[in-house]
Amino acid sequence: MSENVPSQGLDPQGYIAREGSLARVPHAFRPVVALARDRLLDVFGSRLHSAYLYGSIPRGTARVGRSDLDLLVALREEPTEADRDAVRALGDALDKEFPEIDGVGTLLYSRARLLSEPETYDLGWFVACLCTPLLGDDLAEYLPRYRPDSLLARETNGDLALLLPRWRARIEAAGDSEEALRPLVRFMSRHLVRTGFTLVMPRWNGWTSDLDEMAAAFGRYYPERAEQLREAAVRGHEPAGDRAVLMSYVDDLGPWLADEYARVHGVKAPRPD
């Protein structure tokens, strides 16, 4: 199959362009973003180094009542369990107050972790390319520019084999209720689509965060698995709590994808956690 060189998501020099901006936040989501900003300051005060939006809201593609609010918080010191409890409580409160969103996810790290050498091509890239500054000094100023190459592919998603046993344990612990299984279907579907995309990203030579576009790019190079990833992209948007789907992820698609990823790009360097 011939290679495609779309340059989508890249700047004129071939680096991944930062996606999202506060100007693109849809009007329906601006009140929850503003309140999240204020409450993060209330919770962390001077301990907060910076905070960011990521996902569909800063990209301007969020759907009212369907999309979640995604936040990344960088503290000046290592976060504690109390800090993690605090962001969970903050997220739960925002979710209850604003029907416009379907959940809140907050990533919490120290400034030192985000700027550490092992994270340069993982969390560092995530901040520099996929996060929109909301509060504080932008850590992207201290990070390099990134190309859609095999190094980036390996260090972002080259750990799927390690994740699959944890996923299986989460499925087993979730029970059979729609309420418990639906978030797992959404999370695992999105993760597998993104992993499938970064598997082919260097050949596709571009970047996108659109799940449907990711699945389509993957399908160009792996037509025998294209339908599975296309269906996962649909479930990433419209999840249903289906245990059979989750088991197919950990028994079939996930193991195949982990093996192919290791063959093509190698395995992600170990992290502390």
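Which residues in H8 meet which residues in H10? The points below take the sheet first, then this helix pair.

1. Basis. This is a predicted model: local features need pLDDT of at least 70, side-chain atom pairs count only at pLDDT 80 or more, and totals for chains, interfaces and linings use all residues. Residues are numbered from 1 along each chain as its sequence is written, and side-chain values use heavy atoms, without hydrogens and water.

2. Sheet. Four strands form an open sheet in the order E3-E2-E1-E4, with mixed pairing. Strands (E, at least two residues) and helices (H or I, at least four) are DSSP runs, numbered from the N terminus. Two strands pair if DSSP finds at least two bridges between them. E3 (104-110) and E4 (131-136) are the edges; each has a single partner strand, so one side of each lacks a neighbour in the sheet.

3. E1 (residues 48-54) and E2 (residues 69-75) pair in the antiparallel sense over 6 bridges. Tyrosine 54 stands opposite aspartate 70 in E2.

4. Helix pair. H8 (residues 178-204) and H10 (residues 226-237) pack at about 135°, with axes 8 Å apart. Axes are lines fitted to C-alpha atoms, for helices over the stretch in contact; angles run from 0 to 180 degrees between N-to-C directions. The two helices are therefore oblique to each other (under 35 degrees is roughly parallel, over 145 roughly antiparallel, 65 to 115 roughly perpendicular, the rest oblique).

5. The contact. Val185, Arg186, Ser189, Arg190, Leu192, Val193 and Gly196 in H8 meet Leu229, Ala232, Ala233, Arg235 and Gly236 in H10. Contact means heavy atoms within 4.5 Å.
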